[in-house]
Amino acid sequence: MHHIVSRLLFFSLYWLTGLAQANIIEVTLLGTGTPVPSSERYGPATLVKINHQYFLFDTGRGLITRLQQSQTPINAIQHVYFTHLHSDHITGFSDYWLTSWIWQRPHPLHVTGPDGTRNFIQQLEKAYQANYQYRRDNTKLNADTYYSHIDEINQDTLVYQQDGIKITAFTVSHQPVSPAFGYKIEAENKKIVISGDTTYSDNLIRHATHADLLIHEIAAAPTALLEGNLRLQKVMNYHTTPQQMITILNKTQPKYTLLNHVLLFGIGEEKIIKQIQQQYDGKLAIGRDLMQVTIGDSINIRVIKPLKSH
Ligand SMILES: [Zn+2]
Ligand SMILES: [Zn+2]
């Protein structure tokens, strides 16, 4: 009798543990940088894992290295979403796409992005034809998984809906880059929003209100540097200043906010956080490469210790 009770207890505990694990969403910042070359901040890329499925948002410089460091199985990602086609968000794509092909990715990539995505992907497929033929003929790599499935979008669109996971692309304000998208991921009664590159955007406010996790870009430049520098003024005009961030956070009230695409032109990160926190009292931090957020009953953040390559 005792034996049966303990076995029942064991199985119910096992079941409960399994259930608890299924409820956790894992978000990994693979790259939090900008076009500025940096070994600390690789190009923009964010990985969302829900119930053993991986969704990748942007594919900036060094993505494949961060995937290796975070011990993500590189051939397991099926869905890739581009926020926009500025080079810093897509230069890591070819390396990731080709390397995961060599790692015998069992499926083609499914790439979703703004108009121009099809041209970008198909030109790459052509550009790497010599490599494609060598590997297909010599090492018998799967020809079918080389070519990506491509979806182009040009307005707010529900881009994925399956197994209780819903992903919505929504337009943001990154003029003259148009359309540029943010993404909203909804699953397990949680909401994660990735801003992409944008200045203040009413549409982002609409989608990000009460998000469990908001990942939002930030930019600031010293006044002395901005004065008379038309090019820099144009850059700052399509990004989000700390003052705008205060408005965005007070309007959306996320449970937790991580700032990425950190473009500060020498201004200290702590100064930016302090400035925002003077007028906003929610949870906020500057994102770092390999920061991992688990979202379940509570939100926990750690920085992954990079796996050494061998
Ligand atoms: Zn960018
Ligand atoms: Zn951009």
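The protein carries 27 positive and 25 negative side chains, and the centres of the two sets lie 4 Å apart. Lys and Arg count as positive and Asp and Glu as negative, leaving out His and the chain ends; each charge is placed at NZ of Lys, CZ of Arg, CG of Asp or CD of Glu.

## Basis and confidence

This is a predicted model, in which local features need pLDDT of at least 70, side-chain atom pairs count only at pLDDT 80 or more, and totals for chains, interfaces and linings use all residues. Residues are numbered from 1 along each chain as its sequence is written, and side-chain values use heavy atoms, without hydrogens and water.

The average pLDDT (the predictor's confidence in each residue, from 0 to 100) is 93, and 92% of the residues score at least 70. Over residues 10-22, pLDDT stays under 50. Where pLDDT is low, the predicted coordinates should not be read in detail.

## Overall fold

There are 10 helices and 15 strands in the protein, defined as DSSP runs of H or I (at least four residues) and of E (at least two), numbered from the N terminus. Buried residues, those under 20% relative accessible area with a 1.4 Å probe and protein chains only, make up 50% of the 310 residues.

## Asparagine 300

Strand E15 (residues 299-303) contains asparagine 300. Beyond its neighbours within four places in sequence, asparagine 300 is in contact (heavy atoms within 4.5 Å) with Gln292, Val293 and Thr294. The C-alpha atoms of asparagine 300 and tyrosine 256 are separated by 9.9 Å.

Definitions and conventions:
Chains are lettered from A and ligands numbered from 1 in the order in which they are written.
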